[in-house]
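Subject: Structure for you to look at

Hi,

Here is the structure I promised to pass on. Have a look at it first, then read my notes below.

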Amino acid sequence: MWVDFHVHTRRSRDSMASPKDVVKSAVRKGLRAIAITDHNEVKGIQEVKEEVRRLGADLMVIPGEEVKTARGDVIGLFISERIPKGMDISETVDRIREQGGLVMVPHPFDRKMRGALGDAILDILGKIDYIEVLNGRTPSWNNRKAEEFAKRYGIPGLGGSDAHWPGEIGKVRTLVARLDEGKIEPIKVEGDGWPPIIFGVLYSSIAKAFRIL
Ligand SMILES: [Zn+2]
């Protein structure tokens, strides 16, 4: 089954995606599961789950959070409780694991994207379950670095669109053999370049501007 491991909703400050549009887009793209990974927030997970139920969609919702740590972003998958932002990177990762969650490092080498862990990734090396080797908003050369890093350290790779508007969902997808709490078995990650990164980034800037107004 195809999965998108990195999706935002309007519960993220830089997204306006409604739960309904998120579910509809995921189904349209042929996905069987999506991870809801809002910035430092988990309220969107339940909202998307309710929408799945309402629409009768065949879509699994993986509860996640993209947590901003003192050194950069980390994603917890299959978490049950919100993890506060701003903590030390090791502490954040421990909190994810204590809940039985899985640790995925998103866009680790995309320096342009605020939130990339960069070298701080080495501090949590033994506690990383997955590396996001293909991120829909990261230029290919930085995705390649993530892929090389994952290979070098033998860490399995997952892919995520990092969608902030519904059109981006499924732009990057991962084929998995197994998807359970505590275990994801990826087979391959793929994605296409459409819609281009600039579309998504522009959308997020507009979303943020609306929040300020
Ligand atoms: Zn994200």
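What follows is a short tour of what I found, going from the whole chain down to one residue.

Two things to know before you start. This is a predicted model, so local features need pLDDT of at least 70 and side-chain atom pairs count only at pLDDT 80 or more, while totals for chains, interfaces and linings use all residues. Residues are numbered from 1 along each chain as its sequence is written.

**The whole chain**

The protein chain has 5 helices and 9 strands; helices (H or I, at least four residues) and strands (E, at least two) are DSSP runs, numbered from the N terminus. Along the sequence they come in the pattern β-α-β-α-β-β-α-β-β-α-β-β-β-α. The C-alpha atoms fill a box of roughly 40 × 40 × 35 Å along the principal axes. A compact globule of 213 residues would have a radius of gyration near 17 Å, and the 15 Å of this chain agrees with that. (That radius is taken over C-alpha atoms, and the globule rule is 2.2 Å times the number of residues to the power 0.38.)

Of the 213 residues, 46% are buried. Buried here means 20 or more other C-beta atoms within 10 Å of the residue's own, exposed means 12 or fewer, and partly exposed is in between, with C-beta atoms placed from the backbone. Contacts are pairs whose C-beta atoms, placed from the backbone, lie within 7 Å. Among contacts between residues at least 6 apart in sequence, 67% join residues at least 24 apart.

**The sheet**

The 9 strands form an open sheet in the order β7-β6-β5-β4-β3-β2-β1-β8-β9, with mixed pairing; two strands pair if DSSP finds at least two bridges between them. At the edges are β7 (157-160) and β9, each pairing on one side only. Neighbouring strands are turned by 35° against each other on average, direction ignored. Helix α3 (residues 89-98) packs on this sheet, touching β3, β4 (73-77) and β5, and its direction makes about 10° with that of β4. For these angles, axes are lines fitted to C-alpha atoms, for helices over the stretch in contact, and angles run from 0 to 180 degrees between N-to-C directions.

- β8 (residues 172-180) and β9 (residues 183-191) run antiparallel, joined by 8 bridges. Val-172 stands opposite Gly-191 in β9. Their hairpin has 2 residues between the strands, and Gly-182 there takes a positive phi near 90°.
- β5 (residues 102-105) and β6 (residues 130-135) are parallel, over 2 bridges. Val-105 stands opposite Ile-131 in β6.

**A two-sided helix**

Which residues of α2 are buried? They are Gly-44, Ile-45, Val-48, Glu-51 and Val-52. They cover an arc of only 130° around the axis, so they sit on the same side of α2; the arc is that of the directions from the helix axis to the C-beta atoms. Their cover includes α1 (19-28), β2 (33-36) and β3 (60-68). On the other side of α2, Lys-43, Arg-53 and Arg-54 are exposed. Just after α2, Gly-56 takes a positive phi of about 65°.

Tyr-130 is buried, with 23 other C-beta atoms within 10 Å. Its contacts, leaving out residues up to four places away in sequence, are Leu-102, Met-104, Ile-155, Pro-156, Gly-157, Leu-158 and Ile-184.

Happy browsing!

Key. Two residues are in contact if their C-beta atoms, placed from the backbone, lie within 7 Å.
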